[in-house]
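Let's take a friendly walk through this protein, beginning with a single side chain and then stepping back to the whole fold.

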Amino acid sequence: MKQILVLGAGLVARPLVRYLLEEPEFQITVATRTVSKAEALIDNHPRGNALALDVQDADALNSIIAKADIVISLLPWVHHLTVAHLCIELEKNLVTISYVKPEMQALDTQAKEKGLLFLNEIVVDPGIDHMAA
């Protein structure tokens, strides 16, 4: 079973999490600062887990990413680079919704050398994703 980690439980997370939970081969973990938001998204689904996570706690972030097959970061853009560096170190695939900043682009070679897939800007603009949520 594929372990999918969703970081963040804001407004755009619900459609994604509910869609992923429909796939029987996925185990979904939603980790966010406010665990009650993650619990509401999971809604007691048997293949869903909700965890409290402070993304500034490097050890906790490292530990949770290490358990995933793919990381989907719905966090504010300022945290994507930290997550990306850990994904490279731990050899995990990464999806984000933010635009590719030069610092993220600079990781392209490292990700490719490790055979990792880093997808950025996976969102519908301008703001249609937020209106849909």
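Predicted model: local features only at pLDDT ≥ 70, side-chain atom pairs only at ≥ 80, totals over all residues.

## A tryptophan and its partners

Leaving aside residues up to four places away in sequence, W77 touches S98 and K101. W77 and S98 are 21 residues apart along the chain, yet their C-alpha atoms are separated by 5.9 Å.

Where does W77 lie? You will find W77 in the loop between β4 (70–73) and α4 (80–90). Is the side chain buried or exposed? W77 has a relative accessibility of 52%, and because the cut-off for exposed is over 50%, W77 counts as exposed.

## The fold as a whole

Stepping back, the protein has seven helices and six strands. Reading from the N terminus, the order of elements is β-α-β-α-β-α-β-α-β-α-α-β-α. The radius of gyration is 14 Å, close to the 14 Å given by the globule rule for 133 residues, so the protein is as compact as a globular protein of that length. Along the principal axes, its C-alpha atoms fill a box of roughly 40 × 35 × 30 Å.

## Inside and contacts

Of the 133 residues in the protein, 41% are buried. If you take the contacts between residues at least 6 apart in sequence, 50% of them join residues at least 24 apart.

## Surface and charge

The protein's accessible surface is about 7700 Å², and carbon and sulfur atoms account for 54% of that surface. As for charge, there are 11 positive and 17 negative side chains, with the centres of the two sets 3 Å apart.

Definitions and conventions. Residues numbered from 1 in each chain as written. Heavy atoms only, no water. Helix = DSSP H or I, 4+ residues; strand = E, 2+ residues; numbered from the N terminus. Rg over C-alpha atoms; globule rule 2.2 N^0.38 Å. Buried < 20%, exposed > 50% of the residue type's maximum accessible area, 1.4 Å probe, protein only. Contact = heavy atoms within 4.5 Å. Areas by Shrake-Rupley, 256 points an atom, 1.4 Å probe, with all protein chains shown as cover. Lys, Arg positive; Asp, Glu negative; His and termini not counted. Charge placed at Lys NZ, Arg CZ, Asp CG, Glu CD.
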